[in-house]
Amino acid sequence: MTKEPTNESMDEPILPEMKRRKRNINSAHGADNISYQSLLRLYINECRLKGLSDTTIDGYKYASIYFLDYAGYNLMCSEVTQDLINGYYLHLQQLVKPTTLNSYVFKISPVILWGHAKGYIADKIEFTHVKEQKEIKEIYTEEELKILLKRPDNNDFCDYRAWVIINTLLATGIRAGELRALRIKDVDFDNAVLNLNHTKNRKARIIPIPTSLYNILHEWVQVRNATPDDYLFCNVFGEELQRTTLQGIVRKYSLKRGIHKYGLHLYRHTFITLSVRKGMSPIMLKRITGHQSMKMLENYYAFNPTDLVNIVDEYNPLEDFKPKTRKYNNYNKGAHPKKKKDGDK
C-alpha cells in the first residue's frame, strides 16, 4: 500500500484544520486509494506547474471545503462515486441558488476528473449544469454615476483617491485585481494606453485610456510623486492594496454620497453595457475586457428592451423602403403618434 502524503510532507496545508463529521462507509482500500485531501494537494501541484493563477487555485480550495462539509473531512478517493456527487447536488439545491451551486460544483469537478484520469477515482463522474434563471443585471444608473464622478470639493486625500479609482474602473472596465496590480510605469502617457501585465487569464493586454481619464491619471501621478515601479494605487505602506481594502475605499466613498451600490465588479458590468449602447464593436470590446469568448462577454451585458427600441429604425431593413413620416422621440414617455383627422394636412 502506498504511503499517503501527510501534512508534514507539505510546504503548507491545502485546507485548514477543521472538525468535520465522519462518513461511516466500508470500502476496500486499493493500492492507489488516497484521501481527497491528498488528491487535492497533488492536483494543486499540477496546477502550479502549469502556471495557473493563485485566484484559480484558491477557488479549488474553497470549493473543496464546502464539498467536505457534506462528504466528510476524511473522504477517501474510493468513496467518490456518482451517487455521492448526485447527493451533493441535491444537498446544495436546498441551501443555495443555482448560480452558486454551479460554481461550487464547477470548482471541484477538475479535481475529481483529474483524479479519475490518474486512476485514483474509479467512477467516471458526470457533472451537469443546473439551469439558472437569467436575471437582468443591475448596473449603475446615469444619476448615480453623475454623483459618483463629481470631483470631491474638499481636500480629503482618501476621497480624491477613491474618485480616481472609480473613474479608472468605469473608463476601462478592468477587474479589481488588475487595478490593484497596476504600477505607475504601466500607465503609458505617450501612447495613451494602460499595460495590464497581471490579468486573470495571465494574458497581458493593452487597453486605451480615454481623454478624461488621461487627464485624471496624469494629475494623480503628479500627486503620488512616486517611482515608476511603485503601485498606482497603494496602501499607507506603499504596498499593493488588498481586495477588501479596495472594496472598503469604494464603499465608504459611495455611502458618503448616498449611493448604496458599491460593487467593484459592477463597474465592469456598467462599462460593458454602456459601451454596447454607444455602439462599440463587440470584437473591440472583447479585446479591451480580455474575455475568452463572446459568450462570457455577453454575460456582462445588462440587456434593456429600450436598447433595441432605440436602434430599430437604424438597422431594420424595412426602413430603407419607407419614407420617414413619424417621429418616435417621445415614445418612451407615452406620447404615441397621433392619427390624422379628416381635413388635416
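Helix α1 is followed by Gly-51, whose phi is positive, near 85°. Helices here are DSSP runs of H or I with at least four residues, strands are runs of E with at least two, and both are numbered from the N terminus. This is a predicted model, in which local features need pLDDT of at least 70 and side-chain atom pairs count only at pLDDT 80 or more, while totals for chains, interfaces and linings use all residues. Residues are numbered from 1 along each chain as its sequence is written, and side-chain values use heavy atoms, with hydrogens and water left out.

α1 itself covers residues 36–49. Its 14 residues, at 1.5 Å a residue, should span 20 Å, and the end C-alpha atoms are 20 Å apart, which agrees; the expected span is 1.5 Å times one less than the number of residues. Among the buried residues of α1 are Tyr-36, Leu-39, Leu-40, Arg-41, Tyr-43 and Ile-44, where buried means under 20% relative accessible area with a 1.4 Å probe, protein chains only. The cover over the buried residues of α1 includes α2 (54–71) and α5 (109–117).

The largest nonpolar core has 42 residues. Such a core is a set of buried Ala, Val, Leu, Ile, Met, Phe, Trp, Tyr and Cys residues joined through side-chain atoms within 4.5 Å. Val-164, Ile-165, Leu-217, Leu-232, Phe-233 and Tyr-267 have the most contacts inside this core. Elements giving two or more residues to it include α7 (157–172), α9 (211–224), α11 (264–277) and the strand β2 (193–196). α7 gives the most, with eight residues. Leaving aside residues up to four places away in sequence, Val-164 touches Ile-216, Leu-217, Trp-220 and Phe-233; contact means heavy atoms within 4.5 Å. Apart from this core lies another, of 33 residues, among them Ile-34, Tyr-43, Leu-75 and Ile-108.

Aromatic rings come next. The whole structure holds 12 aromatic pairs, counted when the ring centres of Phe, Tyr or Trp (its six-membered ring) lie within 6.5 Å. Phe-157, Tyr-160, Trp-163, Trp-220 and Phe-233 are linked by ring pairs into a cluster. Two arginines sit over tyrosine rings: the charged end of Arg-183 is 4.1 Å from the ring centre of Tyr-231, and that of Arg-257 is 3.7 Å from the ring centre of Tyr-253. The criterion is CZ of Arg, or NZ of Lys, within 6 Å of the ring centre and within 35 degrees of the ring normal.

The mean pLDDT (the predictor's confidence in each residue, from 0 to 100) is 81, and 74% of residues reach 70 or more. Over residues 326–345 the pLDDT is below 50.

Key: Phe/Tyr/Trp six-rings, centres within 6.5 Å; stacked < 30°, edge-to-face > 60°. Buried < 20%, exposed > 50% of the residue type's maximum accessible area, 1.4 Å probe, protein only.
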